[in-house]
Amino acid sequence: MSYGDFNDNEYIERMIAELRDGGTNVLVGCLDELIEWGRSNSLWPLTFATSCCGIEFMAVGAARYDFARFGFEVARASPRQADFIMVAGTITHKMAPVLKRLYDQMADPKYVIAVGGCAVSGGPFKRSYHVVDGVDKVLPVDVYIPGCPPRPEAMLYGLMQLQRKVKVQRFFGGVNCQIGEEEYEELLRRDLTAEKNDLNVEGEEKHE
Amino acid sequence: MWKEKRSMNSNLIDKITAWEPRAVWTEGGDGMFTVPADGFHDLAGRLLSEGFDFLRSLTGMDWGEAGFGVVYHLEATATGENVVLRTLTEEREHPVLPSVCDLWKAAELNEREVFDYFGVRFLNHPDMRRLFLRDDWVGYPLRKDYDPAQNPLRMSNEVSKDSSPTYELQSDGSYIRKRNVLFEEDEYVINIGPQHPATHGVLRFRVSLEGEIIKKLDPHCGYIHRGIEKMCEELTYPQTLALTDRLDYLGATQNRHALCMCIEKGLGVEVSERVQYIRTIMDELQRIDSHLLFFACLCMDMGALTAFFYGFRDREKVLDILEQTTGGRLIQTYNTIGGVQADIHPDFVRKTKEFIAYMRPKLREYHEVFTGNVIAQERLKGTGVLTREDAISFGATGGTGRAAGWACDVRKRHPYAVYGKVDFEEVLFTEGDCFARYMVRMKEIEQSMNIIEQLIDNIPEGEYQLKMKPVIRIPEGSYYAAVEGSRGEFGVFLESRGDKSPYRMKFRSTGLPLVACLETIARGTKIADLIAIGGTLDYVVPDIDR
Amino acid sequence: MHALLTSLMPLRLAVFIECVIVGVCLLLMYAVIAVVMIFMERKVCAAFQCRLGPVRVGFWGLLQVPADVLKMLTKEIITIRRSDRFLYNLAPYIVILASVLAFACLPVNKGLEVLDFNVGVFFLMAASSIGVVGILLAGWSSNNKYSLIGAMRSGAQMISYELSIGLSILTIIVLTDTMQFSEIVARQADGWFLFKGHVPALVAFVIYLIAGNAEVNRGPFDLPEAESELTAGYHTEYSGMHFGLFYVAEFVNLFIVAGVAATIFLGGWMPLHIAGWEGFNTVMDYIPGFVWFFGKAFFVVGLLMWIKWTFPRLRIDQILTLEWKYLVPIGLANLLLMVIVVVFKLHF
């Protein structure tokens, strides 16, 4: 796809300008470009799908559309080894913490693509009592692919948008920033206590 | 067709009133018996021994002032007789009803669903946990007075409990809560799902293992529960159609067909012959599409990755045909009340014929690549046996039931559209194992192609869409209509109060019975077999969770 | 070169420097083979599956694997809480170490082998079976139930199939009466063992291919990582380059299995010689030995890939039944047959 065929070039250009603000070191800049070239061409998806869009996601992987051409080939079932998560389908209240956990289990750098109306905004189920209206309430989303379900071509377009976005990022300077041990312990403790407090499960007991 | 069923019922009316004098017959739609709660279990047992061994559907209801209740659709598999019963309790604080899960195993998960939706507790049910929602969910969403503000999005992780509550009736009329242990402390429990490549979506199992052998299995649903039934209560009838496609997305046309049939039945509308033909052909194309995907996914689960791509390659050809006419690849939104969205594409007939000519040799290729393979046969044959009795008791329809020898095809039992006029064979096996389930579906592709061949040249001229008002009001009463979906009986239960939107809409999930019988099938097999069993049961999770 | 170095510095230092150079070359070759294998796998499976495979990155997708490597190298390595950190970090290195050691044994061309001594076959088998320790450690230390099941499966499977590999190689050793790789290849100058040893060699070859495939955990024997059952088996919890090491080791192990098959059964770097056809033999000799070796090895790799992409996965009990009830008894009988063949000089 030629550069002009993408429709939102201004956005990417603004992003590049922002990132390159203040200039870059030549050596580091070159290394950066090399690394990001590698990353953008080797994005491995997590095999994750909740509903209809998942089938289209499989179709993107299958013979006719074949996302292996772009390097998305190796769909990993373990979140540790995946680079991005395609949130293909509705995310419900019960699923949201699981999805968050999956995202947390992934290794940096990681990206999120919201596929389909449900993941973008809740879609046709926006008014339901059990549906999260938009996965961006739970995770930071990099690319949105609308549709119900989006056509495989649309998914490929979205995936290529992600590639472009990854390409302009910088490795040296924050993406891989890890949190310190203490901060980590603190976060974990908070998680565990939240787990205990929130479960008011044994509400009612024997009654006549 | 509908009248015929009612006349059958009238013979039963006398019988049932003789067994239970307090049972009241009410007309309105399909008509149903109202049975008081304390006598219900006995009557149900009586009906079961009279041959009503198939619990088609179990629907929880909130009748407001009248209280909470459950509607049961029963069928006798031997005679094909149908009866609809309901029982209710006026208590709104702590509603309690007798459980029938000792009679029909299908009731087990369905009663949990009713508890989840309405908070009705079933006495003597061994496992009264919520089915879809989180354990810490406040209130019961399908009650008419439910307030959604009670449940903001909770991001804390859910802890799975190792025991389940059960309620037992005491001699003095009160009942006590007991604890039913699911998993002992020292059991090796592994968690499969919700994100797992072999669960076909977001189903979750907790499996207790001994080495590689499965000792116990506890399915958890609800990770894709979207509350479609509740949403339908706020939508007008034409609007509800959009949601059915997203239940079992591999049976989108069939699901919508069922809902359209149910609404048309309520309205008393008869659609044109042309529409019937088009709907039948579309249903069968969809079935081929679904079964090809089944083949592909089963092969992938079993590790034969190349066959997966073959299945998908050919599925694209079906999708091309569907897309040309309906405009949708996966979700077609094609059927409408009183007809179909658009007339068939001029190339439709030619392309369909070409596809059938193309598909026949490909099926042989599939058999060469996968069916004939020694490893595939070893893995599938004899594993995961479901007996005919269990299949009926669980209500496991579709390919699963037919592999066990139960002739459960709705197209034969209650012919709809033009299925009464076409000549096709109901594929039956008796083994009930994974291989039989696999073969049923492969043979059904051939049968579907036969059906299409008989119809494709004879599509009559006529209207493809009746003139309908934008706002539809269905006469008061309850209606049930079912089609043979890609993986079993897909039914729609509709209760109307004469408004522009349904009072209660329930979809008989094709997948829920399959999940229910999973425990029975998988116990004692190995983990690898669980994957094969899950693959051959061929459930679609959004259809289970709705 | 040896002379040059010894003239400049003491002998020990010279030897040390030589060792380092050889080691670096070995690792480089290892890496190159890994990249080639991964690329081949992708293209081969794409061809089987009516797809194109990688085509966008570089010409014909040639830069796809380097891109993957770059990504792997810069990906975060997650430390797992409540895991045995030392063993957890050690495991991938054990796996890769075993793989490199075994790789060093392969004679690529005449005189071009890193490790070559009189019990070479023995050493190869010993070195390659260290890998299973790494896998067991990975499964155990991850504190993950899937990993543990994967590791147990792999332990049962790899240790069982080692037996069959041993038996089939032993069959050929009976024929060659040497365990040195260079000697084994040299004795195939007048014909490959696959043809020389007729029936028993053929049977041994087939058993070797099956068992070798099982040894490297590849489909239809990929139970330890069985993606659709155990998500990623023993390396479920590994991320970044640690996972990359497992990934690379798997592919190079496949190459090693193929390379050993090529060396022992197909004559290694030895060109195709047919006794009596002198003209033909001289023409064949013009093709360099490493071309022969890689040609044969990649032929076997292609064969194994074909099997992998076609067959469904076996179940754990079926795998063990296949080994203990069929392959081992057949292997033993075959060994006996070979002994008879050798004793009565029935071979060519």
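Over which residues of chain A does pLDDT stay under 50? The stretch is residues 197-208 of chain A, and the model still gives that stretch 18 contacts beyond four places in sequence.

## Confidence in the model

Please keep in mind that this is a predicted model. For the complex, the predictor reports an ipTM of 0.81 and a pTM of 0.86. Chain C has an average pLDDT of 81, with 93% of its residues scoring at least 70. For chain A the mean pLDDT is 77, and 79% of the residues reach 70 or more.

Strand 3 (residues 111-115) of chain A has the highest mean pLDDT among the elements, at 90, while helix 7 (residues 171-175) of chain A has the lowest, at 55.

## Where chain A meets chain B

Let's turn to the interface of these two chains. Chain A brings 54 residues to the contact and chain B brings 65 residues. Together the two chains bury about 5,100 Å², and 63% of that lies on carbon and sulfur atoms.

The rule finds 5 salt bridges across the interface of chain A and chain B. A salt bridge joins Arg64(A) to Glu316(B), with 3.7 Å between the closest N and O atoms. On the side of chain A that touches chain B, at least two residues come from each of helix 3 (52-61), helix 4 (95-105) and helix 8 (181-198) of chain A. Helix 4 of chain A gives the largest share of that side, 7 residues. By class, the side of chain A that touches chain B holds 29 nonpolar, 11 polar and 14 charged residues.

## The two domains of chain B

Chain B is assigned a domain 1 (2-166) and a domain 2 (228-545). Their C-alpha centres are 26 Å apart. In the contact between them, 38 residues of domain 1 of chain B meet 33 residues of domain 2 of chain B. The pair buries about 3,000 Å², 55% of it on carbon and sulfur atoms.

Between these domains of chain B the rule finds 5 salt bridges. Glu75(B) and Arg413(B) are joined by a salt bridge between their side chains, at 2.8 Å from N to O. Polar contacts link 16 residue pairs across the two domains of chain B, both residues at pLDDT 80 or more. Helix 1 (2-19), strand 3 (54-62), strand 4 (68-75) and helix 3 (107-118) of chain B each give at least two residues to the side of domain 1 that touches domain 2. Strand 3 of chain B supplies the largest share of that side, 8 residues. The residues on that side of domain 1 of chain B are 17 nonpolar, 11 polar and 10 charged.

## The two domains of chain C

Chain C also has a domain 1 (1-63) and a domain 2 (75-343), with C-alpha centres 19 Å apart. Here 17 residues of domain 1 of chain C contact 23 residues of domain 2 of chain C. About 1,800 Å² is buried between these domains of chain C, 86% of it on carbon and sulfur atoms. Tyr30(C), Met37(C) and Glu41(C) lose the most area on the domain 1 side, together 37% of what that side buries.

Glu41(C) also forms a salt bridge with Arg218(C), at 2.9 Å from N to O. The count between the two domains of chain C is 1 salt bridge, along with 2 residue pairs in polar contact, both residues at pLDDT 80 or more. The side of domain 1 of chain C that touches domain 2 has 14 nonpolar, 1 polar and 2 charged residues.

Conventions. Residues numbered from 1 in each chain as written. Chains lettered and ligands numbered in written order. Heavy atoms only, no water. Domains from an automatic or database assignment. Contact = heavy atoms within 4.5 Å. Buried area = accessible area lost by both parts, 1.4 Å probe. Salt bridge = Lys/Arg side-chain N within 4 Å of Asp/Glu carboxyl O. Polar contact = N/O pair within 3.5 Å; in protein donor to acceptor, adjacent residues only side chain to side chain. Nonpolar A, V, L, I, M, F, W, Y, C, P; charged D, E, K, R; others polar. pLDDT = per-residue confidence, 0-100. Helix = DSSP H or I, 4+ residues; strand = E, 2+ residues; numbered from the N terminus.
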